[in-house]
Structure formats: C-alpha cells, structure tokens
Amino acid sequence: MKLLTQELRQKLPPLYSQENEKDPMVICKFFHPMSSMTWYAIEGSEEGDDFIFFGWVHSDSPELGYFSLKEMEGVKVMGLGIERDLHFTPMRLSEVKKLHRR
C-alpha cells in the first residue's frame with residue numbers, strides 16, 4: 001500500500017503552519033494491523049529524501065510529535081507493514097481524541 005499519495009501530499013498543510021491552531025484538522029490516519037498504535041497526521045513536508053509528518057500518535061502514552069514516512073515504510077511485524085486508513089474522514093483533533101477515550 002502506498003502510504004503517501006500525491007493527492008494526500010497536496011492536502012497536508014506544511015510543517016509548522018498549524019502550530020497556532022487550537023484544534024487542527026487531522027488529514028489522515030496510519031495504523032499497524034498487529035498493534036494498537038495509530039498515527040494521525042495534521043501536517044507534513046518533504047525534508048531531504050524523506051517526508052516528515054506532525055500529528056497525534058495514539059499509543060500507551062499518546063502525544064503530539066513528528067514521524068517519518070521512511071520509518072513507517074520500514075516497519076514490518078509478522079510480515080505486515082503500516083497501512084493508511086482508506087476510510088478515514090478528516091476531522092478535528094478533539095474528535096480524534098474522543099475516538100480513543102476508554
């Protein structure tokens with residue numbers, strides 16, 4: 001699966017452009033089918049030969065942070081890699097966080 005399409009590149013705001021937005025839009029979602037970790041991209045930009053995202057990472061310790069396309073493409077667990085949720089609808093970060101409340 002292609003994690004970052006040209007269409008998605010165009011939809012993602014550039015890095016640092018949303019830092020003053022209190023409740024930014026989450027544009028896309030990545031996940032690994034064998035893990036509960038989920039990466040939600042808010043913005044992203046090319047940096048050298050990589051693409052760097054900024055977003056919310058849901059894990060044991062959820063946090064805002066940066067993640068790399070190359071790193072995600074390199075992850076393989078039991079033969080499976082990270083996938084992009086093809087059915088994810090962009091929504092505000094506050095709404096994404098509500099999806100993960102227990």
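Ground rules first. Residues are numbered from 1 along each chain as its sequence is written, and side-chain values use heavy atoms, with hydrogens and water left out. Because the model is predicted, local features need pLDDT of at least 70 and side-chain atom pairs count only at pLDDT 80 or more, while totals for chains, interfaces and linings use all residues.

β4 pairs antiparallel with β3 over nine bridges (pairing takes at least two DSSP bridges). It pairs antiparallel with β5 too, over six bridges. Look at Ile52. Ser45 stands opposite Ile52, and Ile52 stands opposite Ser68 in β5. The β3-β4 hairpin has two residues between the strands, and Gly48 there takes a positive phi near 65°. Four residues join β4 to β5 in a hairpin.

Now the pockets. The largest pocket holds about 200 Å³. Which element gives the largest share of its lining? That is α1, with three residues. The lining includes Thr5, Lys11, Cys28, Arg84 and Phe88. By class, six lining residues are nonpolar, one is polar and five are charged.

The second largest pocket has a volume of about 160 Å³. β3 and β5 each supply at least two lining residues. Among the lining residues are Tyr16, Ile42, Phe54 and Tyr66. Seven are nonpolar, one polar and four charged.

Note on methods. On a 1 Å grid over the protein atoms alone, a cavity is a set of points where a 1.4 Å probe fits but cannot get out, and a pocket is an open set with protein on both sides within 12 Å along at least five of seven lines; lining residues have an atom within 4 Å of a point. Grid points are joined across faces, edges and corners, and a volume is the space filled by probe spheres set on the points. Ala, Val, Leu, Ile, Met, Phe, Trp, Tyr, Cys and Pro count as nonpolar, Asp, Glu, Lys and Arg as charged, and the others, Gly among them, as polar.
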